[in-house]
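Visitor: Please show me a single part of this model up close. I would like to see how it sits among its neighbours.

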Amino acid sequence: MTISNYIEYTLLHPSTTERDIIELCLAAKQNNYYAVNVNGYYVSLAKQLLSNTAIKICTPIGFPLGATTTACKIYEAKQALQNGADEIDMVVNLGLLNSKNYISVLKDINDVKSAIGETPLKVIIEISELNKNEVVRICEICLDAKVDYVKTSSGFSKNGATLSTVKIIKKIVKNNIKIVAFDGIEDYETSLKYLESGADRVGINFGVNLVNKRRSLRSSKIFKQYIKTIEKDNVAKTNTATQNHLN
């Protein structure tokens, strides 16, 4: 097992070209990343480029401000799914959240979740714009809405993920919602720290080169999962050898 299996490789810059998307998808295939994250216009191209792989395609809606209407977000999401998206990243409406209009925030998320059915929904909560109490509140709303992931950042605000906030989110959502830490993560060691702090995936920007390192990470969950994989493989090999011997 390598850290690459936890990576969302992201390219959401407004001046992104088709060549950039081709290079993004090529790098994702070479490194066996879990997913790519591209703007809606490029979902079809990414789908074509990754058609023979297991790499997921994520795309944001209501991006980057979250201030579009719910109807617009639903339309964006449905278009993205038609074009081949596997996961939807929805930016929370910060204005509603800061207004303490929690019912409207919940309805906004609920309506999108209902519209996309079983497709995984990630809610981008933009932690750099929130205090601790607000982070807790939006996580509680996400629990009520039964979303699949909470994502720390859009990449278009003041700052990205922080280890302390990921720990706060994990304490609230426990294992009921997964966590994606995004933005400002630029090396293997930092990515690992986020995974050990409770994140289930790490988003890195196009151009960041995380080396596929195989390490004995004795204190990390990745190492434990790696050991389980090895043990499972060994059991399978033993069973096969025994069966062959009996035959």
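Guide: What follows is a close look at one strand and its partners.

Happy to show you strand 7, which covers residues 178–182; strands here are DSSP E runs of at least two residues, and helices are H or I runs of at least four, numbered from the N terminus. Keep in mind that the model is predicted, with local features needing pLDDT of at least 70, side-chain atom pairs counting only at pLDDT 80 or more, and totals for chains, interfaces and linings using all residues. Residues are numbered from 1 along each chain as its sequence is written, and side-chain values use heavy atoms, leaving out hydrogens and water.

Strand 7 is mostly covered, with 4 of its 5 residues buried (under 20% relative accessible area, 1.4 Å probe, protein chains only). It has two partners to visit.

One partner is strand 6, residues 149–151, which pairs with strand 7 in the parallel sense over 3 bridges (pairing takes at least two DSSP bridges). Across this pairing, Tyr 149 stands opposite Lys 178 of strand 7.

Together with helix 8, residues 188–196, strand 7 and strand 8 make a right-handed β-α-β unit.

Notes:
Buried < 20%, exposed > 50% of the residue type's maximum accessible area, 1.4 Å probe, protein only. Right-handed = clockwise from strand over helix to strand, strands pointing away.
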